[in-house]
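Subject: Structure for your review

Hello,

Here is the structure we spoke about, together with its sequence. Please open it before reading on.

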Amino acid sequence: MPKRPAFYFSLRSPYSWFAYRELLDEHPDVAAAVTWRPFFEPDGRSEEALRKAGGSFPYVAMSRAKHLYILRDVGRLARERGLSMTWPVDRDPVWEVPHLAYLVALREGRGPEFVAAAYRTRWEEGGDICDRSVIARIAGELDLDPVALAGAADDPELREEGVRLLLDVCRDGVFGVPFFVNGASRYWGVDRLGRFVAELRAAGGPGSSGPGDAPLPVGAGSDPGHAGGCG
């Protein structure tokens, strides 16, 4: 059977946050129908496991000029959308910490709420979502196990699941976020979201739910870039 259309998102990327908000606010039918796949930069442990599994994370170092451009661009896009944001400061980030915590929340049926809280913490409050105490606080707010979420990056099974997600990144040719996949079609960047939506609707609709997928329902808020660039 063909794979469901997918939206690759990162809790790190401001552009991914913009796409998230736009999906929920303007295209809730698509948001509820596509598969949401987390994208995160692997630490040394995950990168080695990915290599052994036959994958290679797409990495392109960001130049100073691109870094400065993104700072200005993100501010401009936030103002255009009427969003108030606070730039977080990442100190020795390990992106498995929030993204594998998301998998724990997803298992408990609270994945959408976790994504909303993580984006709000990072981009509206300027919080460090790679800080395990911050993840524990989010877990408490959602009535989830703070120890399980804060320690997700130490769980061998979750690490293996994270590597499988990174292999999906490799197989789908994802080099930055937000990234949208529909069959053979690929769209990179928040400004391509409209084309992705139009293609799905032209084909007769965004798709139907399938077992094992985890769409986000309607409802939802520094490092301006990441390896591979932002959309």
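Below are notes on the sheet and on the aromatic residues.

Please keep in mind that this is a predicted model.

Four strands form an open sheet in the order 2-1-3-4, and the pairing is mixed. Its edges are strand 2 (35-38) and strand 4 (185-188), each of which pairs on one side only. On average, neighbouring strands are turned by 20 degrees against each other, direction ignored. Strands 3 and 4 run antiparallel and are joined by four bridges. In this part of the sheet, Val181 stands opposite Arg186 of strand 4.

The aromatic residues. Searching the whole structure gives 16 aromatic pairs. In one of them, Phe7 and Phe9 have ring centres 6.2 Å apart and planes at 35 degrees, so this pair is tilted. Phe7 has 0% relative accessibility and therefore counts as buried; the value for Phe9 is also 0%, so Phe9 counts as buried too.

Phe7 also pairs with Phe180: the ring centres are 5.2 Å apart and the planes are at 15 degrees, so the pair is stacked. Phe180 is buried, as is Phe7.

Phe7, Phe9 and Phe180 belong to one aromatic cluster, whose other members are Tyr20, Trp36, Tyr102, Tyr119, Tyr187 and Phe196.

A further item concerns a charge over a ring: Arg81 lies over the face of Phe18, at 5.1 Å from the ring centre.

Regards

Note on methods. Residues are numbered from 1 along each chain as its sequence is written. This is a predicted model: local features need pLDDT of at least 70, side-chain atom pairs count only at pLDDT 80 or more; totals for chains, interfaces and linings use all residues. Side-chain values use heavy atoms; hydrogens and water are left out. Rings of Phe, Tyr and Trp (its six-membered ring) pair if their centres lie within 6.5 Å; planes under 30 degrees apart count as stacked, over 60 as edge-to-face and the rest as tilted. Buried means under 20% relative accessible area, exposed over 50%, partly exposed in between (1.4 Å probe, protein chains only). A charge sits over a ring if NZ of Lys or CZ of Arg is within 6 Å of the ring centre and within 35 degrees of the ring normal. Two strands pair if DSSP finds at least two bridges between them. Helices (H or I, at least four residues) and strands (E, at least two) are DSSP runs, numbered from the N terminus. Axes are lines fitted to C-alpha atoms, for helices over the stretch in contact, and angles run from 0 to 180 degrees between N-to-C directions.
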